[in-house]
Amino acid sequence: MKRGKKYLEAVKKYDRFKVYPASEAVSVVKEMSEAAQRKFDETVELHVRLGVDSRHADQQVRGAVVLPNGTGKKVRVLVFCNEKLKDAAIAAGADYAGGMELAEKIQKENWFEFDVVIASPDMMGVVGRLGRVLGPKGLMPNPKAGTVTPDVAKAVKESKAGKIEFRLDKANIIHCPIGKTSFEVSALEENFRTLMNAIWRAKPAAAKGQYVKSCVITSTMGPGVKVVSSL
């Protein structure tokens with residue numbers, strides 16, 4: 001891919017071997033994105049490699065956190081709930097709320113016009129049937145992530161405000177958005193620290209040795225910038 005002069009100049013200022021403080025790392029990512037003159041607002045992503053083994057149940061790392069400055073993405077929320085909770089879910093900002101009719105729409109029409117799925121506990125019998133289609137997409141509601149809850153209105157508000165889930169992949173890496181390149185440096189840094197705090201708090205008791213192996217911040221199409229993981 002041919003790069004513009006401004007981008008190539010910006011990359012020269014970046015040391016791929018250096019581990020940057022958080023504020024400096026997000027500044028570098030923003031500078032390279034701006035120099036590349038992207039035609040869209042790139043997502044800023046955090047990738048954290050952990051010293052655990054996801055093959056063992058007692059070394060799983062998973063959780064959810066509300067980013068104080070949001071992700072910059074409009075989140076579409078689907079809520080599985082009974083009729084009593086439906087109005088509260090919609091009032092809280094849910095894009096869709098209902099029961100069996102939504103499950104059938106997903107199964108029969110391959111409908112996935114949503115980013116987050118929330119369910120009240122009494123609806124898990126219905127939602128459980130969708131495990132094979134929601135699971136692989138990372139959409140299955142989970143109590144640990146706060147997406148299976150009797151207070152669906154609160155869960156909807158948190159999702160709309162910038163709540164994200166984090167979990168290990170098979171390579172023991174967590175991948176999460178922390179904002180957009182249009183965000184101020186201070187907003188991206190605050191989101192980074194909030195997410196890293198949550199990851200550190202989720203450290204399994206069974207984890208031995210170095211917990212955080214590496215930490216990299218990048219934009220959608222930019223190079224990775226190593227960042228100090230300690231807070």
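Biologist: Does Cys215 count as buried or exposed, and at what relative accessibility?

Modeller: This is a predicted model, in which local features need pLDDT of at least 70 and side-chain atom pairs count only at pLDDT 80 or more, while totals for chains, interfaces and linings use all residues. Residues are numbered from 1 along each chain as its sequence is written, and side-chain values use heavy atoms, with hydrogens and water left out. Buried means under 20% relative accessible area, exposed over 50% and partly exposed in between, with a 1.4 Å probe and protein chains only. Cys215 therefore counts as buried, at a relative accessibility of 3%.

Biologist: How many disulfides does a search of the whole structure find, and how far is the sulfur of Cys215 from the closest cysteine sulfur?

Modeller: A disulfide is a pair of cysteine sulfur atoms within 2.5 Å, and the search of the whole structure finds zero of them. For Cys215, the closest cysteine sulfur belongs to Cys176 and is too far away for a bond, because the distance is 11 Å.

Biologist: Which residue meets the side chain of Arg76 in a salt bridge?

Modeller: A salt bridge is a side-chain nitrogen of Lys or Arg within 4 Å of a carboxyl oxygen of Asp or Glu, and by this rule the count comes to twelve. Arg76 is partly exposed at 32% relative accessibility, and its salt bridge, at 3.1 Å from N to O, is with Asp115. This pair links distant parts of the chain, 39 residues apart, with Arg76 in the loop between S2 and S3 and its partner, in the loop between helix H4 (100-109) and strand S5 (116-119), being Asp115.

Biologist: By about how many helical turns are Arg193 and Glu189 separated?

Modeller: Arg193 forms a salt bridge with Glu189, with the closest N and O atoms 3.0 Å apart. Because the two residues lie four apart in helix H8 (residues 185-201), the separation is about one helical turn.
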